[in-house]
Amino acid sequence: MTRTTTIISLLAAIAVLAAVTTVVIARNQAPSAPQMSEEQRATREKFFGTAKEPAPIPKGQEMRPKW
């Protein structure tokens, strides 16, 4: 291999390593969802009729009223 090819491949490897490191660090520092207070939990139970989390929306389902 020539010197230019070696340098280019070394720089590409460093760039990939830096990108992977950035993604790993960003995922570890991502804040989790805050816990709900008892007042918020009671309000949710009163409004939705249950203290459970609402079911997730299936992918592709539209959110519109059924009238």
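Predicted model: local features only at pLDDT ≥ 70, side-chain atom pairs only at ≥ 80, totals over all residues.

A: The structure holds one salt bridge, and the partners are Glu38 and Arg41. Their closest N and O atoms sit 3.7 Å apart, and that counts as a salt bridge because the cut-off is within 4 Å. As a general idea, side chains of opposite charge can pair when their charged atoms come close.

Now find the two partners on the chain. Both Glu38 and Arg41 belong to helix 2, which covers residues 38–48. They are three residues apart, or about one turn of the helix.

Are these two residues buried or exposed? Arg41 has a relative accessible area of 30%, so it is partly exposed.

Let's zoom out a bit. The protein has two helices and zero strands. The accessible surface comes to about 6,900 Å², and carbon and sulfur atoms account for 64% of that.

The other helix, helix 1, runs over residues 3–29, and Leu10 is found there. Leu10 counts as exposed because its relative accessibility is 54%. Together with Ile7, Leu11 and Ile14, Leu10 forms a nonpolar patch on the surface. Those four residues share about 400 Å² of accessible area.

Finally, step back to the segment before helix 1, where you'll find Thr2. Its relative accessibility is 48%, so Thr2 counts as partly exposed. The side chain of Thr2 is joined to the side chain of Thr5 by a polar contact of 3.0 Å.

So, back to your request: the salt bridge to look for is the one between Glu38 and Arg41, with both residues in helix 2.

Conventions: Residues numbered from 1 in each chain as written. Heavy atoms only, no water. Helix = DSSP H or I, 4+ residues; strand = E, 2+ residues; numbered from the N terminus. Areas by Shrake-Rupley, 256 points an atom, 1.4 Å probe, with all protein chains shown as cover. Patch = residues over 30% accessible without salt bridge, like charges linked within 9 Å, V, L, I, M, F, W, Y side chains within 5 Å. Salt bridge = Lys/Arg side-chain N within 4 Å of Asp/Glu carboxyl O. Buried < 20%, exposed > 50% of the residue type's maximum accessible area, 1.4 Å probe, protein only. Polar contact = N/O pair within 3.5 Å; in protein donor to acceptor, adjacent residues only side chain to side chain.
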